[in-house]
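Take a first walk through this structure. Keep the sequence and the 3D view side by side as you read.

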Amino acid sequence: MSALFPLDAYLGRIGWTAARPSTEATVLDALVLAHTIAIPFENLDPIRSRAVEVDGASVAAKLIDARRGGFCFEHGRLFADALRALGYPVRELAARVMWNQPDDALTPQSHMLLDVDTPDGSRLVDVGFGGLTVTAGLRWQSGLEQHTPHGAFRLEQRGEDWWLSARLGEDWKALYRLRRQEMHGCDFVASSYFLSTHPASIFTGNLMLARAGRDRRWTLFNRELSEYRSDGSVARRTLDSGDVLIATVQDLFGLPVADQPDLLTRLRALAAD
């Protein structure tokens, strides 16, 4: 896979202008940050019930060539292939999302993330968790509060499971739990198909966009736009028309939509709800 990966095009897509990346942990962190700033989280295909393909060629064509974003399986596939092309040992993992769930809830393995080796130890790497995407690698160290450019996270080992939580204000909130058991590309196909096409999926019924900046994040849930700043303040507003919604998708999140009539229709319908 890595021999065919368009590495130069990918590095151009994330705005990488430094020397060709090495496999050091600090370089991995810089790649994670560059990726999450340049390539947004988005579900513009699922809101049209279009099945999201998660093979390497399809993902590269969409996120690199077409300058789109994607959801977790697409971000995970693209970043895994890029890291392998750079020489990083990578294992693909699956997580059970625990956001707004009780600790004893059994949820499906519907999220993709990575386990990446560096000379300074392995890191959890997750470039595709929407508005709480982790913008640096995390050490597999239980109980350690780890700071990233966009907030603090903590991994906790509970038996065979690792739990990832984010600090929100004074509280810790669970994002997901996982086991460090290697998965493969074929393991994510069914989940991607369900999440991108089924009427019960949150991704088919709601517009969900997210992007990181150097010192802030932006999220858009349907018409609700939020800006989370590094000083802890949050600015929120409701987008009041289809034109404003479309302009925000294009200008703030950098997603080309003007040449897609069916998508424009869907966005206008969302704005009217």
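The paragraphs below go from the nonpolar cores to one helix and then to the salt bridges.

This is a predicted model, in which local features need pLDDT of at least 70, side-chain atom pairs count only at pLDDT 80 or more, and totals for chains, interfaces and linings use all residues. Residues are numbered from 1 along each chain as its sequence is written, and side-chain values use heavy atoms, with hydrogens and water left out.

Start inside. In soluble globular proteins, nonpolar side chains tend to be buried together. A nonpolar core here is a set of buried Ala, Val, Leu, Ile, Met, Phe, Trp, Tyr and Cys residues joined through side-chain atoms within 4.5 Å. Buried means under 20% relative accessible area, exposed over 50%, and partly exposed in between (1.4 Å probe, protein chains only). The largest core has 42 residues. Tyr 10, Leu 31, Leu 78, Phe 79, Leu 83, Tyr 88 and Leu 114 touch the most other members. Elements giving two or more residues to this core include α1 (7–13), α2 (25–38), β1 (90–97) and β9 (208–212). Helix α4 gives the most, with 8 residues. Helices (H or I, at least four residues) and strands (E, at least two) are DSSP runs, numbered from the N terminus.

Now look at Leu 78. Contact means heavy atoms within 4.5 Å. Leaving aside neighbours within four places in sequence, Leu 78 is in contact with Phe 5, Tyr 10, His 35, Ile 39, Val 59, Ala 60, Leu 63 and Ile 64. Another core lies apart from the largest one. That core has 19 residues, among them Leu 207, Phe 253, Leu 263 and Leu 267.

Move to helix α5 (residues 189–197). Its buried residues are Ser 191, Ser 192, Leu 195, Ser 196 and Thr 197. Their cover includes α4 (72–86), β2 (109–118) and α6 (202–205).

Charged pairs come next. A salt bridge is a side-chain nitrogen of Lys or Arg within 4 Å of a carboxyl oxygen of Asp or Glu. The structure holds 28 of them. Arg 167 pairs with Glu 145, the closest N and O atoms being 2.5 Å apart. Arg 167 lies in strand β7 (residues 161–168) and Glu 145 in strand β5 (residues 145–148), so this pair ties together parts that are 22 residues apart in sequence.

Asp 161 forms a salt bridge with Arg 179, with the closest N and O atoms 2.7 Å apart. Asp 161 is buried, at 10% relative accessibility, whereas Arg 179 is partly exposed, at 42%. Finally, a network of salt bridges links Glu 42, Asp 45, Arg 48, Arg 50, Lys 62, Arg 68, Glu 74 and Asp 262.
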